[in-house]
Amino acid sequence: MQIKISDFRCFHEQQVVEVRPINLLVGENSAGKTSFLAATRFIFDLFDRKSKASFNKEPFHLGAYENIAHYRGGRFGRADSFSFEVEDVLVASRSRGVEADLFGKEDGENRKIPFKLFIEFSDKKSQPHLREVSFSAGSYGFELRSEERTNFRVNLPSAKIVDFEPEFPILSSDYGNLDLSIIEFFLRNILYDEIESLSDEDVMSSQGHARALRSEMSVLGRMYRSALRLLPSGVYSSAPVRSRPERTYNPSDISQTPDGGHMPFVLAQLNYFDADKWLRIRKSLIEFGRASGLFQDVVVKKVGASTGGPFQIIVKMEKRASNLVDVGYGVSQALPILTDILRANRKTLFLFQQPEVHLHPKAQAELGSFFSHMAKSRRHSIFIETHSDHLLDRIRMEVREGVVLSPKDVGILYFERIGHDVIIHEISIDSSGNLVNAPKGYRQFFLDEEMRSLGLEI
């Protein structure tokens with residue numbers, strides 16, 4: 001799967017990134033790493049029925065249109081629009097119902113069909129206005145545009161049906177959240193019925209009858225839904241600074257928050273009401289804690305007799321047990337990251353900003369192994385904005401050992417600022433763990449970071 005970004009914040013030229021199980025974002029401060037994570041979260045939130053997409057949603061607050069569209073300076077000014085694309089491949093089977101209509105005489109049992117989702121925004125009342133959403137796969141597709149009116153164009157192999165104007169707004173993005181679930185409803189119901197009512201004079205068709213287009217319309221709807229199923233099952237974003245631990249917690253809302261404030265309540269609920277899942281997660285926490293040298297065990301301790309009463313998070317070290325607030329800050333900062341990955345549904349997209357903050361080098365390295373194992377075993381895609389050579393080098397070692405990761409599972413994205421623009425260089429790793437095609441400035445960046453950490457002049 002590829003993500004493409006154009007004229008968004010610091011990215012003018014279209015940047016193309018391959019989404020892999022492990023994606024490491026490196027570069028100097030203010031080089032666009034957080035902007036890229038914000039764009040990635042927005043794209044997949046937009047097509048997720050369970051989420052509401054917004055450019056101003058924790059932990060990313062991007063502002064109004066003038067803060068989001070790329071500014072090139074001088075006579076070039078600000079971009080008139082910005083856009084995102086997602087590209088991947090559908091695999092159709094000859095034996096699966098309406099998908100058989102996609103096959104020609106020369107095709108085998110399976111056929112790979114590239115598809116593209118395109119999203120474009122323009123300026124409307126100083127806010128990003130969703131101007132176009134389109135989907136294309138082979139000779140099938142649709143284009144939904146919202147200018148003065150909303151128009152829906154459908155492309156089918158035997159015809160082009162243009163300029164449907166829904167009686168209700170489909171795209172509504174002014175000052176609010178965005179929700180594209182209405183598109184599926186429109187394809188499945190309203191537009192399907194509209195095609196049935198067409199006469200032969202209403203549509204340009206090589207097959208004669210508008211009624212015959214209904215089977216092709218069914219294929220289009222099915223392809224669109226299949227494309228959405230290839231996207232991540234959910235998106236999780238973490239903030240670089242996480243919440244401070246407390247000595248005692250009172251039961252509260254456990255809604256997931258970027259700063260990890262929900263973590264104690266999640267652990268307590270698992271401990272009280274889902275023993276099997278709690279045992280599995282606790283086992284993994286113990287494995288990481290011991291391998292990283294951070295802790296030996298994590299326990300939820302009731303304060304009082306009631307499971308609905310206050311509780312504490314107790315961290316066991318080698319020879320003592322201490323309250324979470326009394327141990328090193330790295331423990332409370334790492335636990336939300338570990339817990340959220342361990343309890344997430346398969347195929348979740350994770351966006352982490354500096355997850356190694358407050359961890360010593362051994363723990364940073366172990367975090368690299370943890371990410372590697374979770375990405376492969378749970379089919380997650382994990383984007384990691386990091387300044388840690390220890391974390392990155394451990395992932396390179398995982399590739400070299402070849403047990404968990406292969407070279408194609410890891411991409412290093414190096415962000416380089418050039419004037420008003422940022423270029424993303426994708427660096428590969430070979431089977432020996434060596435970097436391939438690293439630009440000149442990449443290694444210098446890490447040397448500069450090391451010098452700064454030592455307090456030396458650069």
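# Briefing on a predicted protein chain

Of the 458 residues in the protein chain, 52% are buried (under 20% relative accessible area with a 1.4 Å probe and protein chains only; exposed is over 50%, and partly exposed lies in between). This is a predicted model, in which local features need pLDDT of at least 70 and side-chain atom pairs count only at pLDDT 80 or more, while totals for chains, interfaces and linings use all residues. Residues are numbered from 1 along each chain as its sequence is written, and side-chain values use heavy atoms, with hydrogens and water left out.

**Overall make-up**

- The chain has ten helices and 21 strands; these are DSSP runs numbered from the N terminus, with helices being H or I of at least four residues and strands being E of at least two.
- Among contacts (heavy atoms within 4.5 Å) with a separation of 6 or more, 61% are between residues 24 or more positions apart.

**The open sheet**

- Seven strands form an open sheet with mixed pairing, in the order β13-β17-β18-β3-β19-β20-β21; two strands pair if DSSP finds at least two bridges between them.
- Strands of a sheet pair through backbone hydrogen bonds, either parallel or antiparallel.
- At the edges are β13 (234–237) and β21 (435–436), each of which pairs on one side only.
- β13 runs parallel to β17 (residues 348–353), with four bridges, and Ser 237 has Leu 351 of β17 as its bridge partner.
- β3 (residues 22–27) and β19 (residues 410–418) are also parallel, joined by six bridges; Ile 22 is partnered with Val 410 in β19.
- β19 pairs with β20 (residues 421–429) in the antiparallel sense over seven bridges, and Ile 418 is opposite Asp 421 of β20.
- Two residues lie between the strands in the hairpin of β19 and β20, where Gly 419 has a positive phi near 65 degrees.

**The β9–β10 hairpin**

- Strand β9 (residues 140–146) is antiparallel to β10, with six bridges, and three residues connect them in a hairpin.
- Asn 151 in β10 stands opposite Arg 145.
- Strand β10 (residues 150–156) has a covered face made of Thr 150, Phe 152, Val 154 and Leu 156, while Asn 151, Arg 153 and Asn 155 form its uncovered face.

**Nonpolar cores**

- The largest nonpolar core has 66 residues, and Phe 8, Phe 36, Phe 84 and Phe 135 touch the most other members; such a core is a set of buried Ala, Val, Leu, Ile, Met, Phe, Trp, Tyr and Cys residues joined through side-chain atoms within 4.5 Å.
- Another core, of 56 residues, lies apart from it and includes Val 300, Ala 363, Tyr 414 and Tyr 442.
- Beyond four places in sequence, the residues that Phe 84 touches include Phe 8, Phe 42, Phe 55, Phe 118 and Phe 121.
- In soluble globular proteins, nonpolar side chains tend to be buried together.

**Pocket and cavities**

- The largest pocket holds about 590 Å³ of space. On a 1 Å grid over the protein atoms alone, a pocket is an open set of points with protein on both sides within 12 Å along at least five of seven lines, a cavity is a set where a 1.4 Å probe fits but cannot get out, and lining residues have an atom within 4 Å of a point.
- Grid points are joined across faces, edges and corners, and a volume is the space filled by probe spheres set on the points.
- Of the 23 residues that line the largest pocket, Ser 51, Gly 234, Val 235, Tyr 236 and Gln 256 lie nearest its centre.
- β13 gives the most to the lining of this pocket, with four residues.
- The lining of the largest pocket has six nonpolar, eight polar and nine charged residues; Ala, Val, Leu, Ile, Met, Phe, Trp, Tyr, Cys and Pro count as nonpolar, Asp, Glu, Lys and Arg as charged, and the others, Gly among them, as polar.
- There are two cavities of 30 Å³ or more.
- The second largest cavity has about 30 Å³ of space, and helix α1 (residues 33–46) gives the most to its lining, with three residues.

**Two single residues**

- Glu 366, in helix α8 (residues 361–378), is buried with a relative accessible area of 17%.
- Leaving aside neighbours within four places in sequence, Glu 366 contacts Phe 288, Ala 291, Ser 292 and Arg 394.
- Pro 232 is in the loop between α4 (213–230) and β13.
- From C-alpha to C-alpha, Pro 232 and Phe 44 are 7.2 Å apart in space, and they are 188 residues apart in sequence.
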